[in-house]
Amino acid sequence: MSDALLKIKGMSHYFGGLKAVSNFDFEVPEGVIYGLIGPNGSGKTTTFNLITGIYTPTEGSITFDGSEIKGMKPYKIVHRGIARTFQNLRIFSNLSVIDNIRVARHFTVRSSLASSLLRLPGFKAEEKAIRQEAMHLLEIMHLEDRSEEKAKNLPYGELRRLEIARALATRPKLVLLDEPAAGMNPKEVADLMELIVRVRNEFKVTVFLIEHHMKVVMGICERIKVIDFGETIAEGLPEAVGKDPKVLEAYLGKRGA
Amino acid sequence: MGNLKLPRMLIATAAFWAVVSILNATGILNGYFMIIINRSLIFVILAVSLNLINGITGQFSLGHMGFAAVGAYVSGSITTLIFKLSPDTLAGNGIFVVAIVIGGLAAGFVGFLIGFPSLRLKGDYLAIMTLGFGEIIRTILNNIDAVGGPRGLLGIPKFSNFTVIVAFAFLTIAILRNLVQSSHGRAMLSIRENELAAELAGVDTTRYKVLGFIIGAFFAGVAGGLLAHLLQIAHPTQYGFYASALVLIMVYAGGMGSLTGSVIAAFTLTFLTEGLRVGIDWLKDTVGLPVGTEWTMVIYAILLILIMLFRTEGLMGMREAKILIIAEETK
Amino acid sequence: MGSIINAQQIVNGLQLGSIYALIALGYTMVYGIVRLINFAHGDFYMLGAYAAYGAFFVFNSFMPISGPLAFIVLVIAMGGGGAIALLANRFAYKPLRYKPKLSSLVTAIGVSMFLEYFFSALPVIGPSPRGFPEIIPKQMYTFLGAEISNYVVIDIAVAAILMISLTFLIQRTALGRAMRAVSQDKDAAKLMGIDVERIISWTFLIGGAFAGAAGLLAGMTYPRIQPYMGILPGLKAFIAAVLGGIGNVPGAVLGAYIMGLAETFANAYNSLLGEGIAFVILILVLLVRPTGILGEKVADKI
């Protein structure tokens, strides 16, 4: 598995003296749907924040697509091909749905500022291409009818899809989904699972998700890692992890799920 | 077609220019009115450029007039001290326009100097930092004897006229409109909406925040240059904190993020200032009440508080008039 | 440097620092509790000076110049500053408590503008400066080569007494405990049965009263008052609070004395530097250590 897309070695992070993540090792192979589960406060979101550069790990290395990304600024990591969604939605509420997507396409724009201000032909062609690409993404997410609506007027389930679409608009190789099923009803959860699989297949991306929802994790993840108190307690295929006594005790046992 | 829309705005501006010019030539609008209209247009430039920083990029500047001061003094020094220009010559007018742009560039450079270190700060801290910078600029001007120190830069030739000011106001609005409705502008808007999400959508937030400061400061500098060549003086007290606060009131009254709102508010409040002045003079001279011009600012202060308490989104919210929206080709 | 840093300048710096400290305390307490930079705080100081001015003439009409008269004037100055702070909080800041932070800041700018221009507009006060009366007869002493007036002693002593009382109040009383709790965590304090709005009102009242006292001291010391007199001292005291670590009470005092000394020395060196030193300090602090000397780092929650 030397060709893993994302490789994390010995990653630890402390807040003040508090240990949030301790000596993590990960290998996320290309093309899989990878699940990270663990009780609240076990360091899941911190792991995402470390990978995306919001925090820089105190120790360890993060290799993505063959090069070290630790210490890079978040937007540069996005340019390298890692996109994410947030546990608590972070939508551009006052922008239209399509503009939410177009923002994520902005960094590939070649038109200079001057060309944009004067609206030269090259600028217009580029804007048109961006618009078409954004509309295409919205169609996949069944949001095409909402494209001109202000994002804040969308219901919760659609906002979750919009955030996934925005992540995909950066043309990522790896998508990090932070509790994508949070707050959804069973029907929406089923649709979401189907959507994640479809996204992986159509966009040829690797998916790395954090989830509480065991049905989602067991249903679509091809590899699972279970953590508790910042440490790994199990890792492997869903069937094996699901039977691991340590997992049952630390996670399933406590929550009675 | 999208490119048909720019002429529409151009036509509207040209019509405004023509109507006002004709009314002025026929004596219906006297010189007094023209002064108010010219002032309004300069405040339009100030308000929309502050709106770029505060309303569109979501930063907060309390020192906008500091940038205007840089433009006023730099352009004024070029026309008055270096070239000793006269408004009668064509070449003089050409150099004047160049001087205004250079004043804008100087202000933009100061915007860069201020924007860059300020970026680590947010909200109220940023407000204080920009206020501090604005005051430093004013203190420095107060102490440079070459530009008159506390007396101000005097004897600036009167180059600013209605036509020049309309042209600059039009260009400012058109350029900012084009900016906001481009990928670069959307990157700025996304910072206002959610900085972290913007960064994780690949936006180099630092770069765009600085860019917002630079562009906003550039146009403030242009406005300062125009004002100096209208009033024929650049004085440190014109560019203090309360002048910046007045522009801020315009931005809030019109609606943070709405260029249309800033334009309307700049006109309305400039005329209101003048109306209040006339009203106060009448109360003082005719009715004999002991009232002073301070009441104008009292009313503005109350207006600002009322807006914040009861209508934070201002007149327009974040909406734009149709004429400022570029239709997109959807197919 | 000997000509700049000498006993005289140190005394002047400490005197100025005492006045800044009384203003800075209000900034920092209000910020600590409601996270608002109360732009109008400098105007509470101005109001205290005018309240003192008015009180002096009213009471002096039937009382001789004396210690008791000076005390009455001080109480009225503090009452005036405190009352206006309470009113501003009730009518301008309270309705915006749970709105975005910048709304309150902009409102505070409005309140500040209102107070300054309203006072200038009122015919009984007016925009022009007024000379401040000698509430206590001025006496000069020479000490270690420095000319020291009894006003220096009064300024420093009044500030010290008020600051010691404040420390006692914060550390030893139920109100102080509640204030500390609210500044730590408003929601938790509410759950503990603390009436948060009442604590906020007390904070404004105390902060305003301190600013009012500073207004009286400044009026006596630099005997000229006018409606805009609060702008610059207000800003400088605010910067002092930031320098010490905004929200931190000892920090505000420390920052204020550093500011008073720095400004006095800078002024002796060059008047331009004297005018600008406060803003230079502000920018340096914000760039190098935005949390201030004694402030603690606040982690952003993502």
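Let's start at a residue pair: A:Ser12 stands opposite A:Glu59 in strand 4 of chain A. Before going on, a word on the source: this is a predicted model, in which local features need pLDDT of at least 70 and side-chain atom pairs count only at pLDDT 80 or more, while totals for chains, interfaces and linings use all residues. Residues are numbered from 1 along each chain as its sequence is written, chains are lettered from A and ligands numbered from 1 in the order in which they are written, and side-chain values use heavy atoms, leaving out hydrogens and water.

That pair belongs to strand 1 (residues 6–15) and strand 4 (residues 59–64) of chain A, which pair in the antiparallel sense over 5 bridges. When I say strands or helices, I mean DSSP runs numbered from the N terminus: E of at least two residues for strands, H or I of at least four for helices. Pairing means that DSSP finds at least two bridges between two strands.

Strand 4 of chain A also pairs with strand 5 (residues 67–68) of chain A, antiparallel over 2 bridges, and A:Thr63 has A:Glu68 as its bridge partner there. These two strands form a hairpin with 2 residues between them, and A:Asp65 in the turn has a positive phi of about 55°.

Now to helix 7 of chain A, residues 186–203. Its 18 residues reach 25 Å from first C-alpha to last, close to the 26 Å expected at 1.5 Å a residue (that is, 1.5 Å times one less than the number of residues). Which residues of this helix are buried? They are A:Val189, A:Leu192, A:Met193, A:Leu195, A:Ile196, A:Val199 and A:Arg200. They cover an arc of only 165° around the axis, so they lie on the same side of helix 7 of chain A; the arc is taken from the directions from the helix axis to the C-beta atoms. Buried here is under 20% relative accessible area, exposed over 50%, and partly exposed in between, with a 1.4 Å probe and protein chains only. On the face turned away from the buried side sit the exposed A:Lys187 and A:Glu194. After the helix comes A:Lys204, with a positive phi near 55°.

Finally, one more residue, friends: A:Leu162. Leaving aside neighbours within four places in sequence, A:Leu162 is in contact (heavy atoms within 4.5 Å) with residues including A:Ile91, A:Val97, A:Leu138 and A:Leu154.
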